[in-house]
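Please keep the structure open while I talk.

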Amino acid sequence: MAKTGVFEADTTKSTELKKELQRLVKAIVEEDDELFSLEAIDQANLMLCALKDLKLRRSLCFNLTHQEINDENDGNDESFCWVPQEFKCPISKKLMCDPVILSTGQTYDRPYIQRWLKSGNRTCPQTQQVLSHTILTPNNLIRDMIAKWCKSRGVQLPDSNQNSDEEALTKSDRDLFISLLEKMSSSLSDQKKAARELRLLTKRTPSFRALFGESVDAIPQLLNPLSQNKSKTETHLDLQEDLITTVLNLSIHDNNKKLVAETPMVIPLLLDALRSGTIETRSNAAAALFTLSALDSNKALIGKSGALKPLIQLLEDGHPLAMKDVASAIFNLCILHENKLRAVRDGAVRVILEKLLNRVRVDELLAILAMLSTNQRAVEEIGELEGVSCLLSIIRENSCPRNTENCVAILHTICFNDRTKWREIREEENKHSTISQVAQNGTSRAKRKASGILERINRAMNITHTA
């Protein structure tokens, strides 16, 4: 095998070190005990350490590139034993490139444990325990530690994609999937255990999410405990939380979005979860609606189901854990014109303005209000609810260009639809020059809107003076 320039340099240095070591050893051996110095022994020790470092570096480079160990190692792996034990795959005895966790909790290098599993083995190589499933979970902690360890020694961790097979679900994984779904029609204890395991599996394994798309019966089976008797599930909020969160996990998978939303029981159960459940359940239900609404057809379906009203109610409740997911869901749904009308009808403007007055989630809520302000009824409500003064105060206090732009865009719409607000804006301008500053320093869109406002109110003032 040809050597790189690095290895050639190491070989030259190794030869020089060996010659120097040979000279020192000869001097030590041939001289009488009284004549050779302790310095010679120390120098010999230094030469041995330097030779060891060169040997280890060369061995590490060969292992990291998955090449054969040099013949001079004689197949002995002792030269590599200095690598921390937890960084080595128990099967290959080599530094792991893509560490993954088996169901027993043991960590292996992905290519080697996949080879073990594909050979038909269903036990853990280390513990000999029978595997409950063969899902492989990335061990990101160990991978980060290995990367830092390699970096500190100036070596490059090889690309794990070069040697790892594409992860695929095995027959035992599919059997586990079927078994867990069957438990959804079993005892409450079995339902809870199965729901928890499905929640975890669908969170960490994309291929497991995809299994739900292979059968139209899978999602109804999953949600069977919630659709049976609501009075029973109300006292088992932990079960509801696990199942709703599993739906959220499924919705992340692009190929599942249409199937999940169009399964008749899904959206009604998500709406139930928005209204009642733990705050995490309510937040995850909102997040699921947000994720599903990535498809335009789902936006219409979710809007028609009446989802905006409980979303707005959850926004009004104001729990910090749910606010971001709720705002994201409302924004996404209101991209569709029909849903803007529904949001305004269901009280979105009032709730948003109340939150903005308290400076809650200003970025997201201003974006929603700007979208709703294309609706005439929304513009009227903003005026009636003292929204103009709120928006002007945000511009004065705010340093975010996007927020300023949204405020000015809303005010621009109000100016062109409600003359009664011109006086208030004019007084603000005389006192703080708020709009003029935006016209000079805002984004290009904000400048354009601010200039339009100034032109409109100045023209109105001129007309008044002339009259």
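Predicted model: local features only at pLDDT ≥ 70, side-chain atom pairs only at ≥ 80, totals over all residues.

Helix α24, residues 422–432, and helix α25, residues 434–441, have axes that come within 6 Å and cross at roughly 75 degrees, and because angles of 65 to 115 degrees count as roughly perpendicular, that is how we describe α24 and α25 relative to each other. On the α24 side the contact is made by Ile425, Glu428, Glu429 and His432, and on the α25 side by Thr434, Ile435, Ser436 and Gln437. Sorted by class, the residues of this contact are two nonpolar, four polar and two charged.

Now please turn to helix α13, residues 266–275, and helix α16, residues 308–317, whose axes come within 9 Å and cross at roughly 20 degrees. An angle under 35 degrees counts as roughly parallel, so α13 is roughly parallel to α16, and the crossing of the two is left-handed. Which residues meet here? Leu271, Leu274 and Arg275 of α13 meet Pro310, Leu311 and Leu314 of α16, and by class the contact of α13 with α16 has five nonpolar residues, no polar ones and one charged.

Is α20 itself enclosed or open? Eight of its eleven residues are buried, so α20 is largely enclosed by the rest of the structure; the buried ones are Val362, Leu365, Leu366, Ile368, Leu369, Ala370, Met371 and Leu372. If we set aside residues up to four places away in sequence, Leu372 touches Cys334, Lys340, Ala343, Val344, Ala348, Val349, Ile352 and Ala378.

My last stop is Val260, which sits in helix α12, residues 257–262. Val260 counts as buried because its relative accessibility is 1%, with the cut-off for buried being under 20%. Beyond its neighbours within four places in sequence, Val260 is in contact with Ile219, Val247, Leu250, Ser251, Val266 and Leu292. Val260 and Gly213, which are 47 residues apart in sequence, are 8.6 Å apart in space, taken C-alpha to C-alpha.

Technical notes: Residues numbered from 1 in each chain as written. Heavy atoms only, no water. Contact = heavy atoms within 4.5 Å. Axes fitted to C-alpha atoms, helices over the stretch in contact; angles between N-to-C directions. Helix = DSSP H or I, 4+ residues; strand = E, 2+ residues; numbered from the N terminus. Parallel < 35°, antiparallel > 145°, perpendicular 65-115°, else oblique. Left-handed = near helix turned anticlockwise from the far one by under 90°. Nonpolar A, V, L, I, M, F, W, Y, C, P; charged D, E, K, R; others polar. Buried < 20%, exposed > 50% of the residue type's maximum accessible area, 1.4 Å probe, protein only.
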